[in-house]
Amino acid sequence: MTSAPIPVFDGHNDVLLRLLDKGGDAAAIRSFLEGGGGGHLDLPRARAGGFVGGMFAIFPPSPSMADFMELMQGDSYDLPLPEPLALSTGQASTLSMAALLFRLERASDGAFAVCRTVADIRAAEARGAVAAILHIEGAEAIDRNLTMLDVLHAAGLRSIGPVWSRPNIFGHGVPMRYPGSPDTGPGLTERGFELVRACNRLGILVDLSHLNERGFWDVVEASDAPLVATHSNVHALCPVARNLNDAQFEAIRASRGVVGLNYATAFLRADGHMNPDTGLDVLLRHLDAMLERLGEHGVALGSDYDGAVVPEAIADVSLLPRLIEAMRAHGYGDELVRRIAHDNWLDVLDRTWKD
Ligand SMILES: [Zn+2]
């Protein structure tokens with residue numbers, strides 16, 4: 001007996017950055033809509049793999065990002081936080097990537113939809129369109145008076161990580177460090193607290209994934225929304241500074257929040273290596289540990305596709321059914337698999353968004 005295919009809603013991808021690096025032009029747009037452009041995620045492979053939607057990250061890159069991945073190598077590493085970006089630099093790349101997202105939607109003939117409500121997501125899914133949520137990873141485009149926050153929210157922004165692993169006017173970010181504790185220094189600034197409160201008022205999700213531990217507790221203090229880390233794993237299993245410790249999981253559970261499992265091998269493997277030769281059993285160990293810490297309503301997926309080195313077995317989005325099958329073979333029932341792969345995201349968005 002075969003059961004119905006299980007759809008996947010995903011907490012994080014970096015396809016917009018990959019397409020921008022390819023020029024962000026008509027050819028890049030076509031490569032997403034028609035496939036054949038490499039990377040981890042495009043529309044034909046999303047359809048093939050049951051990927052029905054997710055957060056599409058807008059990430060304002062630091063100069064020389066290529067070196068960054070090269071430095072996260074070996075048995076230990078400790079990268080300094082990159083220099084802050086100027087407001088104009090953050091705005092230029094954020095607006096380019098937002099425009100790219102809207103151009104993808106326009107060129108897709110209804111097959112790719114930027115969604116602003118859970119009803120939008122359900123409607124997109126019902127007609128077979130991929131649902132995209134406008135998410136910002138690093139609020140460098142937002143000025144000290146938060147005027148750009150209102151503009152971006154009106155354009156469709158529904159999720160924001162106040163910092164990437166880099167300092168800005170809102171906070172400090174967690175460095176890429178292995179092994180290392182997430183407790184790496186100061187957290188949110190006074191403006192960071194204001195940003196979180198403004199997000200609460202507007203119903204924008206605040207993503208904890210690149211905050212350090214102090215910043216995390218600052219959000220706990222400032223926010224009245226469920227706590228969400230879109231793409232983070234379990235520090236007890238992979239002691240990289242980017243992962244969450246048990247006290248953080250406990251706070252997320254208490255808020256009825258969600259954590260999305262990150263497929264980045266550097267955040268999965270006990271040895272911290274960025275190595276595609278990593279079995280799905282390693283992901284299942286993290287899922288088991290997350291279920292233990294968060295319960296069945298708190299665990300979801302946050303692939304980091306197009307932003308990380310992922311396991312060979314799920315080397316692109318078309319191979320997601322293998323992860324679903326691995327969960328089933330591991331003993332997760334259909335209802336739990338459905339929650340992890342899809343429903344827990346929609347539930348927490350529904351409890352976070354205001355419209
Ligand atoms: Zn990230």
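Visitor: Which residue in strand 10 stands opposite V228?
Guide: Strands of a sheet pair through backbone hydrogen bonds, either parallel or antiparallel. In this predicted model, V228 has V258 of strand 10 opposite it. Strand 9 and strand 10 (residues 258-261) run parallel and are joined by 2 bridges.

Visitor: In what order do the strands of this open sheet come?
Guide: The order is 9-10-11, so to read it you go from strand 9 (228-229) at one edge to strand 11 (299-301) at the other. The pairing of these 3 strands is parallel.

Visitor: Why is one side of strand 9 and of strand 11 left without a neighbour in the sheet?
Guide: Each of them has a single partner strand, because both stand at the edges.

Visitor: Which strands does helix 12 lie across?
Guide: Helix 12 (residues 280-294) lies across strand 10 and strand 11, and its direction is at about 175° to strand 10. Now look for helix 14 (residues 334-352): this helix lies across strand 9, strand 10 and strand 11, at about 105° to strand 11.

Visitor: Are E137 and H231 buried or exposed?
Guide: Both are buried.

Visitor: How can I tell whether H153 is buried or exposed?
Guide: Check the relative accessible area: under 20% counts as buried. H153 has 13%, so H153 is buried. You will find H153 in helix 7 (residues 147-155). A polar atom of the H153 side chain lies 3.4 Å from the backbone oxygen of L202. Beyond its neighbours within four places in sequence, H153 is in contact with R158, L202, I204 and D355.

Visitor: Finally, the whole protein. How many helices and strands are there?
Guide: The protein has 14 helices and 11 strands. For overall form, compare the radius of gyration with that of a compact globule: with 355 residues this would be near 20 Å, and the protein's 18 Å agrees. Buried residues make up 61% of the 355 residues.

Note on methods: Residues numbered from 1 in each chain as written. Predicted model: local features only at pLDDT ≥ 70, side-chain atom pairs only at ≥ 80, totals over all residues. Heavy atoms only, no water. Helix = DSSP H or I, 4+ residues; strand = E, 2+ residues; numbered from the N terminus. Buried < 20%, exposed > 50% of the residue type's maximum accessible area, 1.4 Å probe, protein only. Polar contact = N/O pair within 3.5 Å; in protein donor to acceptor, adjacent residues only side chain to side chain. Contact = heavy atoms within 4.5 Å. Pairing = 2+ DSSP bridges. Axes fitted to C-alpha atoms, helices over the stretch in contact; angles between N-to-C directions. Rg over C-alpha atoms; globule rule 2.2 N^0.38 Å.
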